[in-house]
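Here are my notes for someone opening this model for the first time. Have it on screen while you read, and take the points in order.

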Amino acid sequence: MASSSSSPSSPGLASSSCKACNASSEPVASTSYASLLAQLGNTPDLSAEPWQIGSFEPFSPPGVDVLRRAFRFRNFKTAQAFAQRVGNEVAEVEKHHPALITEWGKVTVLWWTHAINGLHENDFICAAKTDEIASSAQGLKK
Ligand SMILES: C[C@H](O)[C@H](O)[C@H]1CNC2=NC(N)=NC(=O)C2=N1
C-alpha cells in the first residue's frame with residue numbers, strides 16, 4: 001500500500017480554503033504538482049495491485065487530468081453516508097464539486113476543475129478534506 005488509507009493528507013492542505021476559479025485560472029504548476037501529490041500521501045508503490053487506490057492519485061482519461069481515490073466501506077449504507085458528507089461538508093462549503101460514484105462497499109471520488117478541464121490547487125485542497133472526512137467515517141475498511 002502507498003500509505004495508510006485513513007488519513008494520509010497533511011493537515012495544512014485540509015485546512016485551506018478554495019479560491020474562486022474561472023476559465024482563466026492557472027492549473028497547478030509542474031513545480032508544485034509533485035509536492036501537492038506528496039501531501040496527499042501519494043508515493044509510487046509498484047507492489048500495489050492495480051485495483052487498489054490507497055491515496056488520491058492522478059488519473060487522465062482523454063482530455064482531462066483528475067485526482068481519483070477509491071474508499072472501501074463495510075456496506076452500502078456507510079458508503080452512501082460518506083458520499084453525502086463529502087457533498088455537504090466539502091463540495092457545498094467550498095463551492096467545488098467532485099464526481100462521487102457510490103457502489104456497495106465503495107465510493108470513488110474524482111476531483112478536477114471543470115472551468116479549466118484540469119487540476120487546480122483547489123482539487124488538492126478538496127482531496128485533503130475528503131481524506132480527513134474518511135479518517136472519521138463509519139464503516140471505512142482500512
Ligand atoms: C458557478 C460555480 O461556482 C462554478 O460553476 C463551480 C461549481 N463547482 C465546480 N466544481 C468543480 N469541480 N469545478 C468547477 O469548475 C466548478 N465550478
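1. Let's start with the strands. Strand 1 (residues 57–59) and strand 2 run antiparallel, joined by three bridges. Keep in mind throughout that this is a predicted model.

2. Strand 1 and strand 2 make a hairpin, with six residues between them. Gly63 sits in that turn and has a positive phi of about 85°.

3. Strand 2 has another partner as well. It pairs with strand 4 (residues 106–111), again in the antiparallel sense, over six bridges. Here the pair to find is Arg69 and Val109, the latter being the bridge partner of Arg69 in strand 4.

4. Arg69 forms a salt bridge with Asp131, and the closest N and O atoms are 2.6 Å apart. The two come from distant parts of the chain: Arg69 belongs to strand 2 (residues 66–72) and Asp131 to helix 4, with 62 residues separating them. Are these two partners buried or exposed? Arg69 has a relative accessible area of 1%, so it counts as buried. Asp131 is buried too, at 0%. The cut-off for buried is under 20% relative accessible area.

5. Now for the other salt bridges. The count for the model comes to four. One of them joins the side chains of Lys19 and Glu121, at 3.9 Å from N to O. This pair also links distant parts of the chain, 102 residues apart: Lys19 is in the loop between helix 1 (11–14) and helix 2 (30–39), while Glu121 is in helix 4 (residues 121–135). Lys19 has a relative accessibility of 44%, so it is partly exposed. Glu121 is partly exposed as well, with 33%.

6. A salt bridge within a helix is worth a look next. Arg85 and Glu89 form one, with their closest N and O atoms 2.8 Å apart. How far apart are Arg85 and Glu89 in helix 3? They are four residues apart in helix 3 (residues 76–94), which means that about one helical turn separates them. Arg85 is partly exposed, with a relative accessible area of 28%, and Glu89 is partly exposed at 39%.

7. Finally, turn to the ligand. Which residues are around it? They are Lys95, His96, His97, Trp112, Thr113, His114 and Ala115. Sorted by type, this shell has two nonpolar residues, four polar ones and one charged one.

8. His97 places a polar side-chain atom 2.8 Å from a nitrogen atom of the ligand. Trp112 uses its backbone instead, with an N or O atom 2.8 Å from a ligand nitrogen. His114 likewise has a polar backbone atom, which lies 3.1 Å from a nitrogen atom of the ligand.

Methods
Residues are numbered from 1 along each chain as its sequence is written. This is a predicted model: local features need pLDDT of at least 70, side-chain atom pairs count only at pLDDT 80 or more; totals for chains, interfaces and linings use all residues. Side-chain values use heavy atoms; hydrogens and water are left out. A residue is near a molecule or strand if one of its heavy atoms lies within 4 Å of it. A polar contact is a pair of N or O atoms within 3.5 Å; within protein, one must be able to donate a hydrogen and the other to accept it, and residues adjacent in sequence count only if both atoms are side-chain atoms. Ala, Val, Leu, Ile, Met, Phe, Trp, Tyr, Cys and Pro count as nonpolar, Asp, Glu, Lys and Arg as charged, and the others, Gly among them, as polar. Buried means under 20% relative accessible area, exposed over 50%, partly exposed in between (1.4 Å probe, protein chains only). Two strands pair if DSSP finds at least two bridges between them.
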